[in-house]
Amino acid sequence: MSDKKTDENYMSIALDLAAMGQGRTSPNPMVGAVIVKEGNIVGKGWHRKAGTPHGEAVALMNAGTGAEGGTLYVNLEPCCHRDKLTPPCTDAILGSGIRRVVVGMPDPNPKVAGKGIETLREAGVQVDVGVLRERCERLNKVFTKFIVTRMPFVTLKVAQTLDGKIATSTGESKWITGPEARKHGHMLRNFADAIIVGIGTVLRDDPSLTTRLEDVENARDPERIILDSTLRIPLDAKVLNVQSKAKTHIVTTLVAPTAKIKELKKKGAEILMMEGDAIKLPLLMEEIGKMGLINVLIEGGSRVNAEALRSGVLDKAAFFIAPKILGGDDARGSIGGSSPESLDMAVPLFDMRFTRLGEDLMVEGYLKKPEEYQPGRQQPSDSVAGLQPVAGLQPAGGLPPRSRSNGHRRRKRHKK
Ligand SMILES: NC(=O)c1ccc[n+]([C@@H]2O[C@H](COP(=O)([O-])OP(=O)(O)OC[C@H]3O[C@@H](n4cnc5c(N)ncnc54)[C@H](OP(=O)(O)O)[C@@H]3O)[C@@H](O)[C@H]2O)c1
């Protein structure tokens, strides 16, 4: 094997290890590491959860003294900062006698952004950067968006008929897609930190919004976030009574009745109060980012989906399309509201993937932001001031994280 092929081969193993942490490392990135000496793998590791050792540290512990003189493959630049519970990985690497480090991509965290690589090079370690870079960037898209903008990465998930309907004229939507597609939908929940639905869906379907994956070890529920500006939610709604370790948050506004707030708190719900009489999604996303929830799934319905698209908060869409035609102007479309006048206003997607799930098709892609396909177009009026929405990746050292002092008091959190 050529040196390039050898490097790609070990980086691929590091990436597979990193992916074992999917859905469990927030707000940290997924990191996997492999240590190779004289053509043999002598250590492996991955980051399992925030607060536990980083992937490189685990691999070094696994290799022990065998790491000396070896090569470390890691999908993300090793950290060098000392403001976390875990010590800097650069110290551990230098202490181990590793001679060469192969890095998939620089860390977009402004606290690292090349400094980890610099530290290692200054100490005489050979560092090569950019092996399987695209795969590395794709794996940590969620982390990259969050660490650069402090906003969560948002995916819209829709289950629809071939003609774009998510429910019948009476609101019936169970089930549009088949078991394989629904199982995949639960995998998306398993990896998400939070799931958002509108009160319309809660009132019509009474969903529990849990992850139901019997054959997956350690499956877990995302935190549930219900958009309900006047607190129409019934106290016997499943989301308020379900057995789950994940919290239920009700996002509401100042017009919500105080007595209902008290009752909801008694049921264990967290109330997130937004200013004004409407819930503005970009501002809500800012709050969700502050909670450390970095991977958010929106599961509609039609009105919430429309507002998510209009407000520019979406990064990705996953449409599950069933081979069924429902028809009818009165059936709910996937994205409600009114349509723009011109096709130029349709939001383009890129990096598309098409996956067959039983009889259904999953179509996934990343959304371009308005300024990318309509130069000069203004941001939606409720965008967070000064915050550039990010589509896909920002280059390392791009936007600085938002300072805490910037998060002016636009909401009050009512504690339980
Ligand atoms: N197939 C699928 O993938 C799928 C998924 C989910 C739901 N559904 C179906 O969709 C239907 C419900 O859709 P829907 O459009 O009636 O209701 P919805 O989108 O679930 O909820 C809309 C309601 O949420 C509240 N809301 C608060 N803030 C909002 C904001 N920023 N943007 C939008 N809404 C906000 C509003 O009520 P307030 O003004 O009272 O706050 C609004 O009327 C049901 O039939 C359900 O079965 C299908």
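Okay, let's start at the ligand: helix 8 gives the largest share of the shell around it, 5 residues. Helices here are DSSP runs of H or I with at least four residues, strands are runs of E with at least two, and both are numbered from the N terminus. Before going on, this is a predicted model, where local features need pLDDT of at least 70, side-chain atom pairs count only at pLDDT 80 or more, and totals for chains, interfaces and linings use all residues. Residues are numbered from 1 along each chain as its sequence is written.

Back to the ligand. It has 30 residues around it, and the closest are G171, G198, G200, S229 and G301. To be in that group, a residue needs its C-beta atom, placed from the backbone, within 6 Å of the molecule. Strand 6, strand 7 (165-167), strand 8 (194-198), helix 8 (199-205) and helix 12 (302-310) each supply at least two shell residues. What kinds of residue are they? The shell splits into 11 nonpolar, 11 polar and 8 charged. For that count, Ala, Val, Leu, Ile, Met, Phe, Trp, Tyr, Cys and Pro are nonpolar, Asp, Glu, Lys and Arg are charged, and the others, Gly among them, are polar.

Now, the whole protein: 13 helices and 17 strands, with buried residues making up 44% of its 416 residues. Buried means 20 or more other C-beta atoms within 10 Å of the residue's own; exposed means 12 or fewer, and partly exposed is in between, with C-beta atoms placed from the backbone.

Next, an open sheet of 5 strands, in the order 2-1-3-4-5, with mixed pairing. Strand 2 (40-46) and strand 5 (126-129) stand at the edges with a single partner each, so one side of each has no neighbour in the sheet. Two strands count as paired if DSSP finds at least two bridges between them. Strand 4 (100-105) and strand 5 are parallel over 4 bridges, and V101 stands opposite V127 in strand 5. Helix 1 (3-19) packs on this sheet, touching strand 1 (32-37), strand 2, strand 3 (71-76) and strand 4, and its direction makes about 145° with that of strand 1. Those angles run from 0 to 180 degrees between N-to-C directions, using lines fitted to C-alpha atoms, for helices over the stretch in contact. Touching means C-beta atoms, placed from the backbone, within 7 Å. Helix 2 (55-63) packs there too, on strand 1, strand 2 and strand 3.

On to strand 10 (248-253). Why call it largely enclosed? Because 5 of its 6 residues are buried. Strand 9 (223-227) pairs with strand 10 in the parallel sense over 4 bridges, and 5 bridges join strand 10 to strand 11 (270-274), also parallel. V251 stands opposite L272 in strand 11.

V251 turns up again in the largest nonpolar core, which has 64 residues; I196, I226, V251 and V296 have the most contacts inside it. A core here is a set of buried Ala, Val, Leu, Ile, Met, Phe, Trp, Tyr and Cys residues joined through C-beta atoms within 7 Å. There's a second, separate core of 40 residues, including M30, V31, I35 and C136.

Last stop, helix 6 (141-149): 8 of its 9 residues are buried, so the rest of the structure largely encloses it. Those buried residues pack against strand 6 (153-161), helix 11 (281-290) and strand 12 (295-298).

How values were computed. Contact = placed C-beta atoms within 7 Å.
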